[in-house]
Amino acid sequence: MNLAYTADTQIDAVVRTLPNCDVTLLTSYTSGEFWALTPERLAEFTYYDADFITLSVFGNTTEPPCPQPLGIVGLAPRAVLQCSDALYVYDPASSSWQLLSLVNAEALAANDEGPALAGISGVADCDGLGIRRYDLQTIPEDGLDISCVPVLQIGAPVALDLDGDNAMIWLDDRILVSADQGVTWNDLA
């Protein structure tokens, strides 16, 4: 339900385990060679359980604001939820979801050091995938359009990741990288 690269040697995975399919956390401190159950750390993570239509935002279980969430990213203490026609942000003060933006987000990324980024289809003056930045401290309605990535095939799968100032997007059969949080993009050689 969530796979997180935490450090060079540490990987965390929110999973269901047998025999009762309980949600727990598996942690590897050996780059994935050996794993240990660490359920005491589960509240550090945000995840969506599609089988039980449940969201957990840093230990708070909540109902989704849409029938079938497509993705969720945590940005402590908030989270951004991707639905088919909108983005929502979790407000920890009220333990509720607030509309962030009415957009068709194809991909979503965030990290603890920076903003949330979304890959948006249908952005004006962008013949491709618009990259929009959201500052979750001020919770803007529409965010800020920062770049446009050309799309070779409409509707192709896309994934977006953000790590500090570095962003990466997998789009069509290409991988593009950005060293400035998605403002400029270059094909990965």
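## An aromatic pair

The structure holds one aromatic pair. Its members are Tyr90 and Trp97, whose ring centres lie 5.2 Å apart. The planes of these two rings stand at 65°, so the pair is classed as edge-to-face, given that planes over 60 degrees apart count as such. Tyr90 and Trp97 are both buried.

This is a predicted model, and the values here are computed from it.

## Strands and overall form

The protein has 19 strands and zero helices. Along the principal axes, its C-alpha atoms fill a box of roughly 50 × 40 × 30 Å.

The radius of gyration of the protein is 17 Å. A compact globule of 189 residues would have a value near 16 Å, so the protein agrees with that expectation.

## Contacts within the chain

Some of the contacts in the protein link residues that are at least 6 apart in sequence. Of these contacts, 29% join residues at least 24 apart.

## Burial and surface

Of the 189 residues in the protein, 44% are buried. Tyr90 and Trp97, the two residues of the aromatic pair, are both buried.

The protein exposes about 10,100 Å² of surface. Carbon and sulfur atoms supply 52% of that area.

## Charges

The protein carries 6 positive and 27 negative charges. The mean position of the positive charges and that of the negative charges are 2 Å apart.

Technical notes. Residues are numbered from 1 along each chain as its sequence is written. This is a predicted model: local features need pLDDT of at least 70, side-chain atom pairs count only at pLDDT 80 or more; totals for chains, interfaces and linings use all residues. Side-chain values use heavy atoms; hydrogens and water are left out. Helices (H or I, at least four residues) and strands (E, at least two) are DSSP runs, numbered from the N terminus. The radius of gyration is taken over C-alpha atoms; the globule rule is 2.2 Å times the number of residues to the power 0.38. Buried means under 20% relative accessible area, exposed over 50%, partly exposed in between (1.4 Å probe, protein chains only). Contact means heavy atoms within 4.5 Å. Accessible areas come from the Shrake-Rupley method with a 1.4 Å probe; for residues, only the protein chains shown count as cover. Lys and Arg count as positive and Asp and Glu as negative; His and the chain ends are not counted. The place of a charge is taken as NZ of Lys, CZ of Arg, CG of Asp or CD of Glu. Rings of Phe, Tyr and Trp (its six-membered ring) pair if their centres lie within 6.5 Å; planes under 30 degrees apart count as stacked, over 60 as edge-to-face and the rest as tilted.
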